[in-house]
2 protein chains.
Amino acid sequence: MDAVAELISSAGQRLGPRAVITDRSEIEPWVTDWRGRLHGAARAMLAPASTDEVVEIVRLAAEHRVALVPQGGNTGMVAGATPPPDGSAVLLSMRRMNRIRSISADNRLAIAEAGVVLATLHDAAHEMGMRFPLTLGSRGSCTIGGLTSTNAGGTQVLKFGTMRSLVAGLEAVLPDGSVHDGLSGLKKDNRGYSLDQLLIGAEGTLGVITAVALRLVPDIARRAVAWAGVESAQRALELLRFLQARTDTVEGFELVPQDSLQLVLKHIPGTRAPLAGEHRWHALIEATTASPGTDIDAELQALLAAALQQGIIGDAVIAANEAQAESFWKLRDTISEAERAEGQTLAHDISVAVADMPDFIVDASEQVERAFPGTIASGFGHLGDGNIHFHVRAGAHAAPDWYEREGAEITRFVDDLVLAAGGSISAEHGIGQLKLGEFARLAPPARVHALRAIKHALDPLGIMNPGKLVP
Amino acid sequence: MDAVAELISSAGQRLGPRAVITDRSEIEPWVTDWRGRLHGAARAMLAPASTDEVVEIVRLAAEHRVALVPQGGNTGMVAGATPPPDGSAVLLSMRRMNRIRSISADNRLAIAEAGVVLATLHDAAHEMGMRFPLTLGSRGSCTIGGLTSTNAGGTQVLKFGTMRSLVAGLEAVLPDGSVHDGLSGLKKDNRGYSLDQLLIGAEGTLGVITAVALRLVPDIARRAVAWAGVESAQRALELLRFLQARTDTVEGFELVPQDSLQLVLKHIPGTRAPLAGEHRWHALIEATTASPGTDIDAELQALLAAALQQGIIGDAVIAANEAQAESFWKLRDTISEAERAEGQTLAHDISVAVADMPDFIVDASEQVERAFPGTIASGFGHLGDGNIHFHVRAGAHAAPDWYEREGAEITRFVDDLVLAAGGSISAEHGIGQLKLGEFARLAPPARVHALRAIKHALDPLGIMNPGKLVP
């Protein structure tokens, strides 16, 4: 028997049948990444129901020197939860650990196991008048463990930060089988290096996150959603700063170029432009308040009127009701889908300093289109976080294998521009496998050395999600 | 020549005379810790003026295997910046690196070198209508590097968090002489483990922080300071939650027991009780707003009136002007001084979950006073952070050497109670040298193992502040 078979056999004896899945048809949906780029293989999917079972699994993995690939909802964008194709690793599905262990409005804290789906947590918080503010497209299937392990972002980062800001502590099984218990929710604790912070964004390479203490905020009492037309990305940033200097209610601010809006209107049924005139750029603004007495619509309306008067924006409209607010968000949320309908698209999740972003979008788009004639480049998304999704479309005359033939070269070109601008080639999606080559190419050697040293220090046997994150 | 002499000689050749101080009288003020507990020795104090000079020093330290003890304002509470008494280490004073490299209201970011004094940063931010919200008693001498290396807290943590929440990135020289540059201020960056987060609170054991990118917030337009009398610590917590459910303006909430107030009134000249009646506990509340149009006094007044009506508080008064506001704060800030005037005091900076704190204070005080007859125990401070300063006073009949004879045993007793309550024996002061024994005694072995592994991975030669933080 080889090591994997031995692991499966031992796990079967110790964990009971529900925790050890070897049926190929049950495993198959989970060995390909969300975007369908990488196809892995695993002879078993271990599905522990408790932290104790995770400890058992990690010990067995160490004993048999078999790599574990932790996985939540498998909605990641960089194949960080996809096993290697050679079958040398087993999947560690955290989805059965799906209890909300506690939730308290008084303490503004929820303790959720790794497999709790984000939408489930949203609902539980909402039921007690509270809110877990981080949200993103895959909220119906992504899990707390995965969100934490990837330091996920989303559309509410502007006000509430990424997962790193919202995690009050976590429980994890370290590669030596010990349990790190950081769930006490202490607001102040200076006992040595923060293992919590080290595990956030570590993509499962330093241990398995089993539960997370999460900060809650008061629920939204009222929200206002607006759409503004501006003449440049720079004007959009001016609008954001104009608003932020006058109110702290703005929690979403998304940039949409005219080109993207037009693709949405063309390909997504039931969409229509919020404004009558033509604008080169658009901003989607969401303001919320936890105070029922605040007329958030009127506040945002007045601020946008003042911005119009000062020439910052060309026009704006406030959603008259929830349905219209949702329709505005749909215009933003379906950009990627509309691009795919139009043709081949190469996506880059990148960040630069907020102040540099307007120029970066314009300059980088021009340079890409010049270097790769026929392509169309544009950036949309979280302007207030200095994070946009910089997409390069193939254009009408591209070959069917454009993505495979030119993709890597274009990505290198884009990444070089990002690096030259002092930015990051991975803003919110992580490194996983898909960005590992570019990270290795561009990271300073001393940084790579430090990451490897930390990885080796905590996981000397290399059993925790090898081949991900660390070049 | 021994290794230290060789290091001093090499540093003298490469760095110029101002960066190498060997005059004993200049070094002497810096080799004893702030509280005067530990007396160290150093044959040289290296004082680099730039990151390049720090790189040079770290390389020399590695070459000669001489330990460096980084130091900012030397205001720490746990002797984390005090060299060992055997003269085997040299001091690395960061105070000459005192430039604010950049500060921008638009970006809400300041980049300050490690030696910038906190009050200097406060002033610089204030001049442009912004604010760096973290503040504490030693603001006139503590430095940004020290605050970051100790993950400092203070009185504004309730709303703005500790340094960990306020650091947007940092620059540090790692033990191998490489420079980690995290100053870009990217709001989203998922390129591998967060070295920034690892260095925050690492007390200089993993590298030398040379500069820090710090988040700014809009300046205070108006503030309201109130003093409330309550019948129990539990009521004080109820008051905090009552306020927090209705406003997000509360940024300071300090608990003061009657016993502490009476000591202040007795020993600190010019103090008087804010309220006429007797109350067993008191809460000092600070609310602020960045919006000049908000009548923060009226808001807080109305909320306190409602709390009074609901029986949460017994009485309350709002400071009529800035002078009175300062006088309220003085009552809080001079508690330690008043205690010292009264007699010997043993201080513990501890935290438990916020919800557990009222009961903890009462129970732990009772248990300490029962186990050590004659002592008087009480807790005061940051109730909203679950962090109090739990002080045990010797009492009138204690021997002059009470502190030396009984201190360690009482501290062990207190720390055991904290651990049993799921709390931390170091909330905001760190471990340094003074808490290292207790940390070693109480930390789970697996945690100690993980901390040591990380330390050894990044500092295999053990040149960065050995004997601190890591048991």
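These exercises with worked solutions walk you through a predicted model with chains A and B.

## Exercise 1: How the two chains are related

Task: Find what rotation and what shift along its axis superpose chain B on chain A.

Solution. 
- Step 1. Start with the general idea: two copies of a chain are related by a rotation about an axis and a shift along it.
- Step 2. Here the rotation is 180° and the shift is 0.0 Å, and the superposition has an RMSD of 0.0 Å. The two copies are thus related as by a two-fold rotation axis.
- Step 3. Now look at the surfaces that meet. Of the interface residues of chain B, 100% are also interface residues in chain A, so the copies meet through the same surface.

## Exercise 2: The interface

Task: Work out how many residues each chain brings to the contact, and how much area the chains bury between them.

Solution. 
- Step 1. Chain A brings 67 residues and chain B brings 67 residues.
- Step 2. The size of an interface is often given as the accessible area lost when the parts come together. For chain B and chain A this comes to about 5,000 Å², with 56% of it on carbon and sulfur atoms.
- Step 3. Within the share of chain B, K188(B), N190(B) and Y193(B) supply 21% of the area buried against chain A, more than any other three residues.
- Step 4. Turn to charged pairs. Six salt bridges are found across the interface. One to look at joins K188(A) and D385(B), whose closest N and O atoms are 3.3 Å apart.

## Exercise 3: A sheet of four strands in chain A

Task: Find the order of the four strands in this open sheet of chain A, and say which strands stand at its edges.

Solution. 
- Step 1. Reading across the sheet gives β1-β2-β4-β3, with mixed pairing.
- Step 2. At the edges are β1 (20-21) and β3 (67-71) of chain A, each with a single partner strand, so one side of each is left without a neighbour in the sheet.
- Step 3. Zoom in on β1(A). Two bridges in the antiparallel sense pair β1(A) with β2 (residues 45-46) of chain A, and V20(A) has L46(A) as its bridge partner in β2(A).

## Exercise 4: Strand β18 of chain B

Task: Explain why β18(B) is largely enclosed by the rest of the structure, and find which strands pair with β18(B).

Solution. 
- Step 1. Seven of the seven residues of β18 (residues 387-393) of chain B are buried, so the strand is largely enclosed by the rest of the structure.
- Step 2. In a regular strand the side chains alternate between the two faces of the sheet. In β18(B), N387(B), H389(B), H391(B) and R393(B) are on one side, while I388(B), F390(B) and V392(B) are on the other, and both faces are covered.
- Step 3. β16 (residues 345-351) of chain B pairs with β18(B) over seven antiparallel bridges. In this pairing A347(B) stands opposite H391(B).
- Step 4. β17 (residues 376-382) of chain B also pairs with β18(B) over seven antiparallel bridges. Here G379(B) has F390(B) as its bridge partner.
- Step 5. Four residues lie between the strands in the hairpin of β17(B) and β18(B), where G386(B) takes a positive phi near 65°.

Key:
Residues are numbered from 1 along each chain as its sequence is written. Chains are lettered from A and ligands numbered from 1 in the order in which they are written. This is a predicted model: local features need pLDDT of at least 70, side-chain atom pairs count only at pLDDT 80 or more; totals for chains, interfaces and linings use all residues. Side-chain values use heavy atoms; hydrogens and water are left out. Copies are superposed by least squares on the C-alpha atoms of residues with pLDDT of at least 70 in both. Contact means heavy atoms within 4.5 Å. Two strands pair if DSSP finds at least two bridges between them. Buried area is the accessible area (1.4 Å probe) that two parts lose on being put together, summed over both. A salt bridge is a side-chain nitrogen of Lys or Arg within 4 Å of a carboxyl oxygen of Asp or Glu. Buried means under 20% relative accessible area, exposed over 50%, partly exposed in between (1.4 Å probe, protein chains only).
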